[in-house]
Amino acid sequence: MIRPLLLASLAAALAAGAPALAQRGDDQDEAYSAAQRGAIRPLGDILRRVSPQIGGNFLGSEFDPDRRSYRLKYMNEGRVVVVDVDARSGTIRSVTGK
């Protein structure tokens, strides 16, 4: 009973954020370009470093080109955990929701 409720809640949250997700395409292009230039670490490297420390299921990411940081979102024990990571070093800046 809890699993269907959790899935329905997650689907509703993702649907509510759909307009914001459409805007992320430019950020993803910029992150890819910066990684190709060596200015930041590729998202895959960041995820390999951070995910074992956070646990749970990875939901998605956003890239902030001005701050050169990734915002990673995970679902861990029924909570959304938001992790801000320095895209250059891979260092975790902050964790909320854990």
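**Aromatic pairs and exposure in a predicted model**

Q: Why is F58 called partly exposed in this predicted model?
A: The relative accessible area of F58 is 36%. Buried requires under 20% and exposed over 50%, with partly exposed in between, so F58 is classed as partly exposed.

Q: What makes Y74 count as buried?
A: Y74 has a relative accessibility of 1%. The cut-off for buried is under 20%, and Y74 therefore counts as buried.

Q: How many aromatic pairs does a search of the whole structure find?
A: The search finds 2 aromatic pairs.

Q: Why is the pair of F58 and Y74 called edge-to-face?
A: The ring centres of F58 and Y74 lie 5.5 Å apart, and their planes stand at 65°. Centres within 6.5 Å make a pair, and planes over 60 degrees apart count as edge-to-face; the pair is therefore edge-to-face.

Q: Which parts does this pair tie together?
A: F58 belongs to strand β1 (residues 57–64) and Y74 to strand β2 (residues 69–76), so the pair ties together parts that are 16 residues apart in sequence.

Q: What makes the pair of F63 and Y70 tilted?
A: F63 and Y70 are 5.3 Å apart centre to centre, with 55° between the planes. Stacked requires planes under 30 degrees apart and edge-to-face over 60, the rest being tilted; hence the pair of F63 and Y70 is tilted.

Q: Are F63 and Y70 buried or exposed?
A: F63 is buried at a relative accessible area of 7%, and Y70 is buried at 3%.

Q: Why does D29 count as exposed?
A: D29, in helix α2 (residues 18–37), has a relative accessibility of 53%. Exposed means over 50%, so D29 counts as exposed.

Methods: Residues are numbered from 1 along each chain as its sequence is written. This is a predicted model: local features need pLDDT of at least 70, side-chain atom pairs count only at pLDDT 80 or more; totals for chains, interfaces and linings use all residues. Side-chain values use heavy atoms; hydrogens and water are left out. Helices (H or I, at least four residues) and strands (E, at least two) are DSSP runs, numbered from the N terminus. Buried means under 20% relative accessible area, exposed over 50%, partly exposed in between (1.4 Å probe, protein chains only). Rings of Phe, Tyr and Trp (its six-membered ring) pair if their centres lie within 6.5 Å; planes under 30 degrees apart count as stacked, over 60 as edge-to-face and the rest as tilted.
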